[in-house]
Amino acid sequence: MDKNLQSVADFIQQNSNIPDEQKESVLKSLKAADKELQILSFKLDRTEKVKRTTAILLEETIEELELKRKAVEETNEALQKSLKDLKAAQNQLVQQEKLASLGQLTAGIAHEIKNPLNFVNNFSELSIELIEEARDEIKSVGALHDTPPQGDLLVELNDILNDVEMNLQKIHEHGSRADGIVTSMLEHSRGGSGEMVATPFNQLIKEYVNLAFHGMRASKQPINVDFDMQLDESLGTVPLVVEDFSRVIVNLCNNAFDAMRERLSADNRQQSDKTENHYEPRLTVKTYSKDSNIILEIEDNGPGIPEEMKDKIMQPFFTTKKGTEGTGLGLSITNDIIKAHGGTIEVYSKPGQTIFKIKLFG
């Protein structure tokens, strides 16, 4: 019996003033109340146990749901990454196919140019040798006649041979230079294995900036450009897919030349006959290392890129060039090639200055 009820029962039994019948009735009621209290106490205990068990199960369920939520998020992230990689691979395949066709065309043209260049260089060398033989013949004629009547003619003939030799040397010099350009074009268009190879970074930059410049000078609208090459000589080799990264250099230089040509034309249209144009196109190429990364910056002093176009210039087929002058693929291909190298490209522009900054992570 409950302690309190037991105290009441003991008090009633010890009280002599309460009749026995009343005592028995009260004690019976106390026992019934005690039984009810025991039942209620049992139910309360069971309810508490159920409550604790339910709380434990609920906590376990919440933990399980949280684990499943994280698993779903990780799966979703993996799927998003796979989709992104798939799209990038698809775009790269399309662009590689376009570049392959362009490379075949370039290689064919360069090969056709190289053959006549070989004739020019070989025959200029041969002609120089023939001139030496002609000089020897002139000397022998002079030796046979101490005072030859045709002496003045021989002197004049010798002067002509000197001029011809000088011209031939110039032909050979520029022919060799053209041969070097054609060789670079062939290397540029030649398909490779697609594997990264340790490549002297500055040497690659110099070679293809020079190739882009000569290509511009051979175009219908050549311009004079001042070069500022600021190359960090401490840079060594960098793992690159040469046939791809070379296109990045050429594309960015060609864009810079186009921009500077546009500004030059605009300035020429605006100036009056009495006003001198002081604009001088300038291309600045920088390489340096920062935080173990390799940085390449190609800067021009053209008109700059309008703010509303900065977010569009990397999109495929977006171009500001008129008619059929541009396909809008140059910067898109450039961006994809840099991403394939694990790098990034950023553009900074304001009126009179545009900088393309490429970062290759070390």
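Start with the open sheet: five strands in the order β2-β4-β5-β7-β6, with mixed pairing. Strands here are DSSP E runs of at least two residues, helices H or I runs of at least four, both numbered from the N terminus. Two strands pair if DSSP finds at least two bridges between them. The model is predicted, so local features need pLDDT of at least 70 and side-chain atom pairs 80 or more, while totals for chains, interfaces and linings use all residues. Residues are numbered from 1 along each chain as its sequence is written, and side-chain values use heavy atoms, without hydrogens and water.

Next, β5 (residues 293-300) and β7 (residues 353-360). They pair antiparallel over seven bridges. Pick I294; its bridge partner in β7 is L360.

Axes are lines fitted to C-alpha atoms, for helices over the stretch in contact; angles run from 0 to 180 degrees between N-to-C directions.

Move to α4. This helix lies across β2, β4 (282-290), β5 and β7, at about 170° to β2. Its buried residues include F201, L204, Y208 and F213 (buried: under 20% relative accessible area, 1.4 Å probe, protein chains only).

Finish at β1 (residues 197-200) and β3, antiparallel over four bridges. P200 stands opposite T237 in β3.

Conventions: Buried < 20%, exposed > 50% of the residue type's maximum accessible area, 1.4 Å probe, protein only. Contact = heavy atoms within 4.5 Å.
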